[in-house]
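Subject: Handover of a structure

Dear colleague,

Please find below the structure that I am handing over to you. My notes on what was found in it follow directly after.

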Amino acid sequence: MSSTPPSSLLVLLLCLPSLMLPLPALALTTSRRLLLDQFWPRHLPHSNAPRSEPAAGYFPPTDGGGDQLTQAPGTNPPAGEPLNVILAGTSDPAVLVDSGLDGGFRNFFLTSDELSSGVGFAGECLGQHEGAPQTANLGDGNGYVNETAVLRWDYTDPSLGTCRETVLGGNHFRYWRQDGKSANSSAVFMATSYEMPIAQGHNIVVNGYNLGRDWLVGNITHSPIDTDALTNTSTFSGTVSYAGFVYSTSISYVSGLLANTSVGVNHGSTVGIDGKNALDGLVAVLDVKITTTPKNATSKKSAAVPMSAPPPPLRGLLPALLLSLLFGAISL
Ligand SMILES: *[C@@H]1O[C@H](CO)[C@@H](O)[C@H](O)[C@H]1NC(C)=O
Ligand SMILES: *[C@@H]1O[C@H](CO)[C@@H](O)[C@H](O)[C@H]1NC(C)=O
Ligand SMILES: *[C@@H]1O[C@H](CO)[C@@H](O)[C@H](O)[C@H]1NC(C)=O
Ligand SMILES: *[C@@H]1O[C@H](CO)[C@@H](O)[C@H](O)[C@H]1NC(C)=O
Ligand SMILES: *[C@@H]1O[C@H](CO)[C@@H](O)[C@H](O)[C@H]1NC(C)=O
Ligand SMILES: *[C@@H]1O[C@H](CO)[C@@H](O)[C@H](O)[C@H]1NC(C)=O
């Protein structure tokens, strides 16, 4: 599907404002429950009884009747995108909260310029959201649910950089929380991919699922990840900071959650070419701990970090801003 920039712009402008809702803040839990997961019968008819938090910090979705692939809307036969990054439930509880405040998930993924050293993903362009949501079933008893939100690589500009991503393409991820009552790990499952510019219909670049995952990990480690050299024993670590919070991240690549395949994968035949599969079958599991909390952490003023919805006055400026961005981008 390709479309000319003017009609793409129209689509972009007609998009409804994001319906992103903040997830309810999760209660902080420090108690360690017994690790009964290993004794839980697997691949049996799914029970809604709660399972204890696994040592890995997430439950494999297929154990609870779910899928490690999302479902992309309008695909026939049904196809989905790999949930190829997991923020483990063993992470600092504050990082598992979908918030830009108090060291939350969105703060971890933000960055600004060379002075900061964050990961570099922010909410969608001026709170706009394009397209129908993807759905995922994390096997937690909630069935298929809409994505929570999309974060896009912000080209080192947290306020307008995701508008560039929307027009020019780039790295982005959709995410879901595994918090249903039968498998409540609080882990965040992320479908990461590197997409083409809007003028090329936002298809995924060659090898764009594996590369999107590894560029995101590289943004955490500040060092390139060699995608072809990865195995299920690869581990990395990195330190990033934003707004005074310092995060230490351990990354492990694991196999067994995703298949090494192109079957059932959205855009699978154009992402995996030259005899290579679209997916290498690896998932990057992030365990993120906050090592420094700034003294001003609970100040209301920390609301200065950009969130998904723009302040109301911005909405009137949206068409003009997008026009200038689009044509600025095209004349590059
Ligand atoms: C999921 O998204 C669709 C399309 O935006 C919407 O119609 C539907 O109500 C959403 N479902 C839930 C449970 O929010
Ligand atoms: C999931 O766990 C979190 C944190 O322990 C808790 O706040 C939440 O209520 C739980 N949700 C369900 C559906 O049990
Ligand atoms: C950080 O992300 C950008 C955008 O996806 C990518 O071009 C860059 O290579 C990444 N950095 C590393 C070190 O992987
Ligand atoms: C790692 O992958 C190999 C096959 O390449 C497999 O035999 C092994 O069981 C995997 N190990 C783990 C821990 O998943
Ligand atoms: C995926 O499968 C291909 C063969 O189809 C193999 O060459 C490659 O090493 C596998 N990748 C991983 C990470 O196991
Ligand atoms: C809190 O302090 C840090 C430095 O420790 C600073 O980077 C950050 O911008 C401050 N946040 C607010 C909201 O003032």
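Predicted model: local features only at pLDDT ≥ 70, side-chain atom pairs only at ≥ 80, totals over all residues.

Helices (H or I, at least four residues) and strands (E, at least two) are DSSP runs, numbered from the N terminus. In those terms, Pro 77 is found in the loop between α1 (5–14) and β1 (85–87).

Strand β6 (residues 170–177) has eight of its eight residues buried, so the strand is largely enclosed by the rest of the structure. With strand β5 (residues 149–153), β6 forms an antiparallel pairing over four bridges; here Arg 152 is placed opposite His 172 of β6. Strand β7 (residues 188–195) also runs antiparallel to β6, joined by eight bridges, and Asn 171 stands opposite Tyr 194 in β7.

Two residues other than glycine have a positive phi. Asn 207, in the loop between β7 and α4, has phi near 60° and counts as buried because its relative accessibility is 15%, where buried means under 20%. His 267, in the loop between β9 (245–254) and α5 (268–271), has phi of about 60°, but counts as partly exposed at 26% relative accessibility.

Finally, Ser 234 lies in the loop between α4 (208–221) and β8 (235–242) and is buried, at 12% relative accessibility. A polar atom of the Ser 234 side chain lies 3.0 Å from the backbone nitrogen of Thr 231. Leaving aside residues up to four places away in sequence, Ser 234 touches Ala 229, Ile 251, Ser 252 and Tyr 253.

With kind regards

Notes
Residues numbered from 1 in each chain as written. Chains lettered and ligands numbered in written order. Heavy atoms only, no water. Buried < 20%, exposed > 50% of the residue type's maximum accessible area, 1.4 Å probe, protein only. Polar contact = N/O pair within 3.5 Å; in protein donor to acceptor, adjacent residues only side chain to side chain. Contact = heavy atoms within 4.5 Å. Pairing = 2+ DSSP bridges.
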